[in-house]
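User: Please examine the following model and answer a series of questions about its helices, strands and surface.

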Amino acid sequence: MSFLEKLTKPEAYIAQFEPSNLELQKPAKQLCWEFNQAQPNDVDKKSAILAKLFGTYNDTVFVEQTFRCDYGFNIHFHGMALINYNCVMLDTSPINIGAGVFIAPGVCLSCAGHSIDPQERIKGIITSAPITIQNGVWIGANSTVCAGVTIGKGSIIGAGSVVTKDIPAGVVALGSPCKVLRKVTEQDRIEKCI
């Protein structure tokens, strides 16, 4: 199986780093640079760049500058999403982002990993696993979502969290490592305050 085949499969993998793999990153690096250099009000230009960058994209996806990723084609949006300032997505495996997802400033979604053994790490042994963010999720500022994690529908990840394991649907979770604090309930509605 080629590196590109491993990269795009929806399952975890282990691979040996090869300098030729960097060739696959060149288009994303160029497109990210163009996006980040675009005039803030040039919405059409930025949208055209993102349409080339992402594997699945639509005009209800809003990405603030600056944005960085490894490949781009491995990032898939499945509805409206807001990606705030300074987001990084290390898409060495597919990243699937559901509809109605809010990703706050400084968030990192990292499919990429390395061997724990130092000799293997020096040899370039890499690991990767997909990330899935289901519909209606809100990820708080400066949080990190690690390889292989699924965040369930409607859940909230508190600011500064490090998500190392799956989070179920409909909960508030936070911390390092991120743990479920409580369920989201009717008491959380704020419409009555308006």
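Predicted model: local features only at pLDDT ≥ 70, side-chain atom pairs only at ≥ 80, totals over all residues.

User: Why are the buried residues of H3 placed on the same side of the helix?

Analyst: H3 spans residues 43-53, and its buried residues are Lys46, Ile49, Leu50 and Leu53. They are on the same side because the arc that they cover around the axis, taken from the directions from the helix axis to the C-beta atoms, is only 100 degrees.

User: Against which elements do the buried residues of H3 pack?

Analyst: Contact is taken as heavy atoms within 4.5 Å. The buried residues of H3 pack against helix H2 (26-37), S2 and strand S3 (67-69).

User: Is Ala48 buried or partly exposed?

Analyst: Ala48 lies in helix H3. Its relative accessible area is 41%, so Ala48 is partly exposed.

User: Which strands stand at the edges of the open sheet of seven strands?

Analyst: The sheet has the order S2-S5-S8-S13-S16-S18-S19, with mixed pairing; two strands pair if DSSP finds at least two bridges between them. Each edge strand has a single partner strand, so one side of each is left without a neighbour in the sheet; these strands are S2 (61-63) and S19 (179-183).

User: What stands opposite Val63 in S5?

Analyst: S2 pairs with strand S5 (residues 81-83) in the parallel sense, over three bridges. The residue opposite Val63 is Ile83.

User: How many residues of S19 are buried?

Analyst: S19 runs antiparallel to strand S18 (residues 171-174), joined by four bridges, with Ala173 opposite Val180. In the hairpin of these two strands, with four residues between them, Gly175 takes a positive phi near 110 degrees. S19 itself is hardly covered, and among its five residues the count of buried ones is zero.

User: What accessible area does the nonpolar surface patch that includes Phe102 have?

Analyst: Phe102 lies in strand S8 (residues 101-103) and counts as partly exposed at 39% relative accessibility. Patches consist of residues with over 30% relative accessible area and no salt bridge, like charges being joined within 9 Å and nonpolar side chains (Val, Leu, Ile, Met, Phe, Trp, Tyr) within 5 Å; a salt bridge is a side-chain nitrogen of Lys or Arg within 4 Å of a carboxyl oxygen of Asp or Glu. Phe62, Met80, Phe102 and Trp138 together form the patch, with an accessible area of about 410 Å².

User: Which residue in S11 is the bridge partner of His114?

Analyst: Strand S1 (residues 13-16) pairs with S11 in the antiparallel sense over four bridges, and Gln16 stands opposite Ile125. Strand S10 (residues 112-114) also pairs with S11 in the antiparallel sense, over three bridges. The bridge partner of His114 is Ile126.

User: Is Ser128 buried or exposed?

Analyst: Ser128 is placed in strand S11 (residues 125-128). Not counting residues up to four places away in sequence, Ser128 touches Glu11, Ala12, Tyr13, Thr92, Ser93, Cys111 and Ala112. At 3% relative accessibility, Ser128 counts as buried.

Technical notes
Residues numbered from 1 in each chain as written. Heavy atoms only, no water. Areas by Shrake-Rupley, 256 points an atom, 1.4 Å probe, with all protein chains shown as cover. Buried < 20%, exposed > 50% of the residue type's maximum accessible area, 1.4 Å probe, protein only.
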